[in-house]
Structures are given as C-alpha cells and as structure tokens.
Amino acid sequence: MQFLAGMSIVTLFWLSSPYLERVPRMIKIAQQDWFIETNTGSAIGLALQAKLHEERSEYQKIEVYATETFGHLMVIDDCTMVTQRDNFIYHEMMTHPALFTHPNPRRVVIIGGGDCGTLQQVLLHPSVEKVTQIDIDERVTRLAEQYFPELCANNGDPRAELLFADGVRWIQESPAGSVDLIIVDSTDPVGPAAGLFSAPFFRDCLQTLAPGGMVVQQSESPLLHAQSIIQPMHREMRKAGFAQTRTLLFPLFIYPSGWWSATMACKDGEFAPFRAADARNKPFATQYYNADVHQACFALPNFLQALLADS
Ligand code: SAM
C-alpha cells in the first residue's frame, strides 16, 4: 500500500496499461509484408508496399511505410499514428465537436499533433484567430511535410504558430486565462506523452484556460482502455477542478480495437450548448463530421455509462 501511495498517477496508468504488452511485428503472409500492431490479445494489420523511412529521433522511433490500400502510414515507437486514408475521421473528431461546442473559440492550443492534421481542421474555423501547436518532436512534422503534404498544406497560415517543445512544460509556463481551447493530440500514455495524462497537467490546463475554456484529449479505445485510461481521465480532470467532463466516440480502423475516443472537459459551469446551426452551415467541407454525427458521438453504450457514473 505504501508502495502504491508513493507512485504518481502516471506510473499507475502505465503499470495498469495494456501498452506493456504491445509487440509490433513486421511479418510475411503469403509473400506479402504486413505491419502488425498487437494489443491485449488482438492485432491490426496493414499490407505493405515498402518501408519509406526509419529513424530514431531524440524522443522516439519514427517509421513511414507505403501501404497497399491506406496510402502512407506513420508509426511512432511501433504504434500506428496516421494513414492517408483514414486520418480524416480522427482529425475531424478531435476538433469540430469541441470547436462547435465552445461559444467563440478564438485562441487554440494543440499539444502534440505533429502530423498537422488537427491543426488543418482547426484553421477551418473562421472564429479562430491564433493556433499554437506544441509538439515535442520536430522530426514528426518534417516527415509529415514530406510524406503527408496534404495535412501540412495550411501550415503557412498566418494564424498558425508551430513550436517544438514539451507540451507539459509549455502549458505549465503559459499565462493564466490565455487560451479558449486546448486540444491534446498525443501519442499513447507512455514515453514523452505520459505526463499529458496526469493530474498536474490537467491542473495547469485549467489555469491556462480563459473562463468558458475547454480541453479535449484523445483518450484511447473504449473497448480496451475504458478502465485504464478513460475513467481515470474523467476522475483526474474533475479532481483538477474541471466542472464537467464527457467522452465522444468514433470508429478508426488503424487503432487498437478499431474504436476510439476523445474526452472533453469544461473549465466552469456547464458545457455550452452545441452550436448546431453553425455546424449545419459551416463554411467548409468535412468528410466525417456533421451536425448529426456531433449529436450521435456523445451517446454512450451502457457499459461506459455505468463506468463513468462511478468516476
Ligand atoms: N493521432 C495519434 C494517435 O493517437 O496515435 C497521435 C498523432 S501525433 C503524431 C502525436 C504527437 O504527440 C507526436 O508527434 C509526439 O511527438 C507528440 N508528443 C508526445 N509527447 C509529447 C509532449 N510531452 N509534448 C508535446 N508533444 C508530444
């Protein structure tokens, strides 16, 4: 017990996390190379044409593959991050539900997000005056520019600022009340991203947010990580002082279990009402997100309702 009490919440997440079991494999099936990512007794796989790049940056191992049917694939520390074919679902759902909930999102911060797909979606909102993206690893962005140029097409927008630093530290040092929305588009809760899933980080986010501010964070698979990530995230966000929390769900083939989530928290009061008319009349096209998807994505299956009612 004394041993447990001495551990940080990050360590507890890590010890209880199925990431301990992750074993990546490049294997051959019937003369075809596959990238296989295993997680808690299951696997997802993509047939490969070629390995285009591999390096060990200061922070992590980064690989890029050409796949048979999903375009380019980026892998960080043996975990699939982004493909050209299905990233639109993740990037649209990490951004538009939060941006169409906040009444007037003007100042947005993205922690992580080095592939720039989230940044691109945020820049579509006319209310946004400034977006600061802080990724710890500049190499992710440089490789995205090379292999995912369509995600980086708007990086030169004068409203966008790209910084390369530790997001935990950056948020710690940012002026109080200076941001309307923080989007945490991070890698899994191990390595450099571990601190982004911790109570002190949530407390610093709360401090950085202006009144009415919100945070949205990728919160892994509802099937595999409900108890180890999603429930503790709700608990820690509320413990940090956030007034309300809620999780939204979406499909994503390339992540473990094919089902993913993001968890939102509002600084004070209640979540503002969905700006449905703005979402229906948005001045830009999306491939997955629309006003009906927005309303549907917050519907929780019974097992999650029960789990989160206890948090
Ligand atoms: N959508 C992806 C997923 O869920 O697998 C995440 C994509 S994005 C490439 C994740 C980014 O988080 C990486 O580029 C990584 O460098 C960045 N990252 C990890 N820890 C970080 C930290 N402490 N501060 C800022 N960025 C961080």
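## Exercises on the ligand shell

The shell around the ligand takes at least three residues from each of two domains, domain 1 (2–83) and domain 2 (87–309), with bounds that come from an automatic or database domain assignment. This is a predicted model, in which local features need pLDDT of at least 70 and side-chain atom pairs count only at pLDDT 80 or more, while totals for chains, interfaces and linings use all residues. Residues are numbered from 1 along each chain as its sequence is written, and side-chain values use heavy atoms, with hydrogens and water left out.

**Exercise 1.** Find which residues come nearest to the ligand.

*Solution.* Begin with the 24 residues around the ligand, each having a heavy atom within 4 Å of it. Among these 24, the nearest are Gln60, Asp135, Gly167, Pro192 and Tyr255.

**Exercise 2.** Work out which polar atoms lie close to nitrogen atoms of the ligand, counting polar contacts as pairs of N or O atoms within 3.5 Å.

*Solution.* Take the side chain of tyrosine 255, which places a polar atom 2.7 Å from a ligand nitrogen.

Notes: A polar contact is a pair of N or O atoms within 3.5 Å; within protein, one must be able to donate a hydrogen and the other to accept it, and residues adjacent in sequence count only if both atoms are side-chain atoms.
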